[in-house]
Amino acid sequence: MTTSTDVEVTPATRELVLDLHRRMVRIRRFEESSGKLVETGEMPGFLHLYVGQEAVAAGVMSVLTDADQITSTHRGHGHAIAKGAEFRPMFAELYAKTTGYCKGRGGSMHIVDTSRGMLGANAIVGGGIPIAIGAAFASQYRDDGTVAVSFFGDGATNIGAFHESVNMAAVWNLPCIFVIENNGYAEFTSQERHMKLTDIAERASSYGIPGVIVDGMDALAVRQVALEAVERAKRGEGPTLIEAKTYRFFDHQGIKGMRIPYRDAAEVEAWKSRDAIRLIETIGVERGLATAEEFAAIWAEVEADIQDGIDFARTSPDPDPADILDDVYTA
Amino acid sequence: MTTRELTYVKAFNEGMHQIMAEDPDVFLIGEDVAGYGGVFHMFDGLLDEFGERRVKDTPIAEQAIIGLGVGAAARGLRPVCDLMFMDFVGVAMDQIFNQAAKMKYMFGGAVSVPLTITTAGGAGMSAAAQHSQSLEAWLAHVPGLKVALPATPHDAKGLIVGAIRDDNPTIVVLQKKMLGVKGPVPEELYSIPFGQATIAREGSDATIVAIARMLPEALKAADALAADGISVEVIDPRTVQPLDTDTIVTSVRKTNRVLIVHEAVQFGGIGAEISAQVQEQAFDYLDAPVARLAAPFAPVPYAPVLENAYVPDAARIEQAVRRLLERG
Amino acid sequence: MAIEIRLPKLGLTMEEGTVDEWLLEDGAVVTVGTPLLRLATDKIDVDVEAEGDGVLHRAVPSGTTLAPGAVLGWLLAAGEVPPTGVVVTGASAAVPVDIVEEVSVITTMPAPDDVAVTSANGRAFVSPNARRVAGELGVDLGTVRGTGPGGRILSEDVEEAAAAAPAATVAGRVASPLARRDAREAGIDPTSIPTTTGIVSRSDIRAAASSPQATAAAAVVVPVTASAAAAGQETASIIPMKGMRGTIAARMQQSLTEMAQLTHGFEVCMDAVVALRAEMKEQYAALGVPVPSLNDFVVRAAALALRQHPILNATIVDREIHLLRHIHMGLAVAVPGGLMVPVIRDADLLSLPELARTTRDLAERCREGTITLDELEGGTFAVTSLGTYGVDMFTPVVNPGNVGILGVGRLRDSGRWDDDAWVRTQVLTLSLTFDHRAVDGAPAAEYLQTIAELLARPLVLVS
């Protein structure tokens, strides 16, 4: 098992820093905006927000192409946006309009964008992991040089589907990368209450595959680790288990969520002080790769895009109940 | 093209060989399907013909087996994933009913899942409670799934080919106790459309809707009844999702009496759905309540004397039809 | 102690095996593990070995095929006599007969005992199909005995009741279903009622009910043989009077025996209608709308005229004439094998195009067999047309429950004197059959006159 401090981080470039920054800001603003819209009741349902974990999605996706596939969780907006999903169809889906990614049929937990290799958010904990190994199997079967990445949380590593999938991917050397976003909680239960391990990457040895720990707030470090795992997979050496230590700044669902405090305020503040977006801005400026103005411009650009997405969704048409049986089956 | 006698299992096997030869996107995974050819020999010879890339033995991991099939199907391949016994469907249930069945709909049509799950169901082998079930009613209840129950060698071949060619997640349930049954099977590659029942025997006094292995039993009963001048129409639905209700209702309107027989437990079995549809669409044509003959509300027992009493057979089907027709 | 040699089960799906060849003779002394016979299955051949020590005694010859578990022979102790028990045929031993009795525990078809014959509130149990067939055949379910479980009336019971001679008669006496019901209600046996025609009518029953002594008198009964079995008349083929045929037969007979029917013939000049239709054809063709037929005009006239002659839109209930509020026009439609009379509800309130459309739709559905029972009931008057068959005047039969029916004959060329000129006209004959119990000859004729007036000024009909 390796940690990101063991791994040599290749020097960042300006393009890379701006790219990572843009991905993370897009995620951050989308989550904050949609969280507010649900709390005011303008959007139906409930959301699981990714705020705080942006560096994991951004870092991993920055080494993937549209042809590489990912599966995700109930907390899937971040993965979708980092993979290139657009705001208009994302807001439209949350607003349950026909112009949404799922034509209003799926909602937050089933966001999909097959043009970007996003095989869907998943409302069943661990439900996406076996599907990712299937996507990886297709890559291997076709020998097309693509890989699959499965994102899931610390809680999901306890479910049977995780064990079965990692083992099968290992024994068949499938080009699948397993990314554990360890934010220390499985819903409202803290990690030490749901497993004895502290470093989940240790589970990798049970399957005979490498386990890597990375600081999930450092997008550049995440990227490095992901790149190596992807290259391993493409060389036919099989899967890697990556554990990104990260934190979600909001509740399990919603911004204020259940309003039952189960996390220590000091703990939350400590993680917030290591905000990944601020971190990359600091690195960018300190290394002279980008300016504060350039970062500010990205924030502004994203803001405009957010507003455009919301306006689009608000004015999009509602689905027609007469169509309720459409797409149950493929004709 | 010629037709010759093949066993049910050989007909299925032939279908697998022929469709895999035709379509390079079809691959097969499951426990002991490659080296052993499947515990029921359904997959004999496929590893030799198509190699390890397309025919693979998996670890014992039903969730991963089916989930891998879902992911590969979502990417455009045509996986055949075998669940050795239908009873194991529970282990993989999330991937079947929450993932495979719903992806097309919840993703607004963006993703299709052309996955085929093969499995073996049915009792009569002293295999006891966890290796003998008929669970088609669970699966037929899930929008997005299709369920086929071949009852003849001809249909075993045609339905597996049809299932693999179908772009939807489909479960094909072979009947363990019918593997050695012989019947005419065309040589060429062919498929059977889903939602199309056959009238296995025409008649006028009563209709029997026979599911899976109950088909040969129903035909035997029909022969016995014919000797007494009772003419029974026997329908084989072949698939329970989609279900060919029209053929059944047309028959009931003709005969005015219907018996549904299946191996699965009676309560909440597929016979309950067929019964409800028949009474909705043929109420004014019924001279008797829609009758069902099925297993009692218990797990499948081990002892042969109990298992024989549990599973309906020709004698009991005959008795049930006579009761439908009785006049005093 | 004999050790049984049993046919082994070699796989989950093995159904049978064949003793290909015994490897040793009877009497051979064997020890554990000695191969005794070669067993052939559809997949493999194996040697079956001795499970113990003993002297081989073979029970079946080579070539025998049996199920797994069957006894093939024994290993005997020295001097032991082989058992003479019946060879068990397999692990799936014959199900003991008494197990079949337990079927009643396991199958869940409702036991007949669960169904009461009739419940305390007098509800009869009739299968849905029996109701449907009874409706088609015009059978009174109260007269049918049920032979289904719990006395349930089945469609077979209804069909048998309809086909058989009425239960309360001897050969030669026929009583309509309504007459039989009257008899039952009056507590009279229809067989005791004298009749010279062989038909026991409702009035006969009423008469008998009021003077029971009359029934005792010996009356001359002319036996009416039910079948044409007279010498020289051989049957070429048989058409059963079931279904629609049976219904028509019953209803026509009922109508003629109950009512006092007679028919007026009346010639109507159709020139104005013909001219109007010719104009409409031109205009409607441009619009792609079908032109109402001559018959549609007549039906509309007949419906409107009923408003002015309500006595013809009535029904007789016991000793009362009920004038009916709505005009529901029955239309006789010929269908394969018979006749149906679908009903146009509130026919006088429909415009001519609506009437035409409704008529066409009902007729089509009658011919297709998709007409519903509701649509065949509730008529207050009827129109029947034989014009296309070349018939001029005829005597249509009033539908039971109505007091009138209008027959329409063919459109034909005729003439009339206009001063000294003989002018060409087109006419048709209307045949109005009416029930004289409610309608007299003059009012009936006046009704016809009104129709003629409307047809002479057909613009009134088009509005």
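The model is predicted. Chain C contains 13 helices and 21 strands, and 29% of its 463 residues count as buried. The contact between chains A and B draws on 33 residues from chain A and 34 residues from chain B.

- On the side of chain A that touches chain B, helix H5 (128-142) and helix H6 (160-171) of chain A each supply at least two residues.
- H5(A) gives the most to this side of chain A, with 9 residues.
- By residue class, the side of chain A that touches chain B comprises 18 nonpolar, 11 polar and 4 charged residues.

**Packing of H5(A) against H3(B)**

- H5(A) packs with helix H3 (residues 62-74) of chain B at an angle of about 55°, and the two axes are 6 Å apart.
- Because of this angle, H5(A) is oblique to H3(B).
- The crossing in which H5(A) passes H3(B) is right-handed.
- From H5(A), the residues that meet H3(B) are A:Pro130, A:Ile131, A:Ala132, A:Ile133, A:Gly134, A:Ala135, A:Phe137 and A:Ala138.
- Their counterparts in H3(B) are B:Gln63, B:Ala64, B:Gly67, B:Leu68, B:Gly69, B:Val70, B:Gly71, B:Ala72 and B:Ala74.
- This contact of H5(A) with H3(B) involves 12 nonpolar and 5 polar residues, with no charged residues.

**Helix H4 of chain A**

- Helix H4 (residues 87-94) of chain A has 7 of its 8 residues buried, so it is largely enclosed by the rest of the structure.
- The buried residues of H4(A) are A:Phe87, A:Pro89, A:Met90, A:Phe91, A:Ala92, A:Glu93 and A:Leu94.
- These buried residues of H4(A) pack against helix H1 (14-39), helix H3 (77-82) and helix H12 (292-314) of chain A.
- A:Ala96, which follows H4(A), has a positive phi, near 60°.

**The mixed sheet of chain B**

- An open sheet of 5 strands in chain B has the order E9-E11-E10-E13-E14, with mixed pairing.
- Its edge strands are strand E9 (198-201) and strand E14 (291-295) of chain B, each of which pairs on one side only.
- From one strand to the next, the twist averages 25°.
- Strand E10 (residues 206-210) and strand E13 (residues 258-265) of chain B are joined by 4 bridges in the parallel sense, and B:Ile208 has B:Leu259 in E13(B) as its bridge partner.
- E13(B) also pairs with E14(B) in the parallel sense over 4 bridges; here B:Ile260 stands opposite B:Arg292 in E14(B).
- In E14(B), 5 of the 5 residues are buried, so this strand is largely enclosed by the rest of the structure.
- Helix H8 (residues 214-226) of chain B lies across E9, E10, strand E11 (232-236) and E13 of chain B, and runs at about 170° to E11(B).

**The antiparallel sheet of chain C**

- In chain C, 4 strands form an open sheet in the order E5-E4-E2-E7, and their pairing is antiparallel.
- Strand E5 (45-49) and strand E7 (65-66) of chain C each have a single partner strand, so each edge strand has one side without a neighbour in the sheet.
- Strand E4 (residues 35-40) of chain C runs antiparallel to E5(C), and 5 bridges join the two.
- Within this pair, C:Pro35 stands opposite C:Glu49 in E5(C).

**Helix packing and contacts in chain C**

- Helix H3 (residues 128-137) and helix H4 (residues 155-163) of chain C cross at roughly 20°, and their axes come within 8 Å.
- H3(C) is therefore roughly parallel to H4(C).
- The crossing of H3(C) and H4(C) is right-handed.
- H3(C) contributes C:Asn129, C:Ala130, C:Val133, C:Ala134 and C:Leu137 to the contact, while H4(C) contributes C:Ser155, C:Asp157, C:Val158, C:Glu159 and C:Ala162.
- The residues of this contact of H3(C) with H4(C) divide into 6 nonpolar, 2 polar and 2 charged.
- Across chain C, 58% of the contacts between residues at least 6 apart in sequence join residues at least 24 apart.

Terms used: Residues are numbered from 1 along each chain as its sequence is written. Chains are lettered from A and ligands numbered from 1 in the order in which they are written. This is a predicted model: local features need pLDDT of at least 70, side-chain atom pairs count only at pLDDT 80 or more; totals for chains, interfaces and linings use all residues. Two strands pair if DSSP finds at least two bridges between them. Two residues are in contact if their C-beta atoms, placed from the backbone, lie within 7 Å. Ala, Val, Leu, Ile, Met, Phe, Trp, Tyr, Cys and Pro count as nonpolar, Asp, Glu, Lys and Arg as charged, and the others, Gly among them, as polar. Axes are lines fitted to C-alpha atoms, for helices over the stretch in contact, and angles run from 0 to 180 degrees between N-to-C directions. Angles under 35 degrees count as roughly parallel, over 145 as roughly antiparallel, 65 to 115 as roughly perpendicular and the rest as oblique. A crossing is left-handed if the near helix is turned anticlockwise from the far one by less than a right angle, and right-handed if clockwise. A residue is buried if 20 or more other C-beta atoms lie within 10 Å of its own, exposed if 12 or fewer, and partly exposed in between; C-beta atoms are placed from the backbone.
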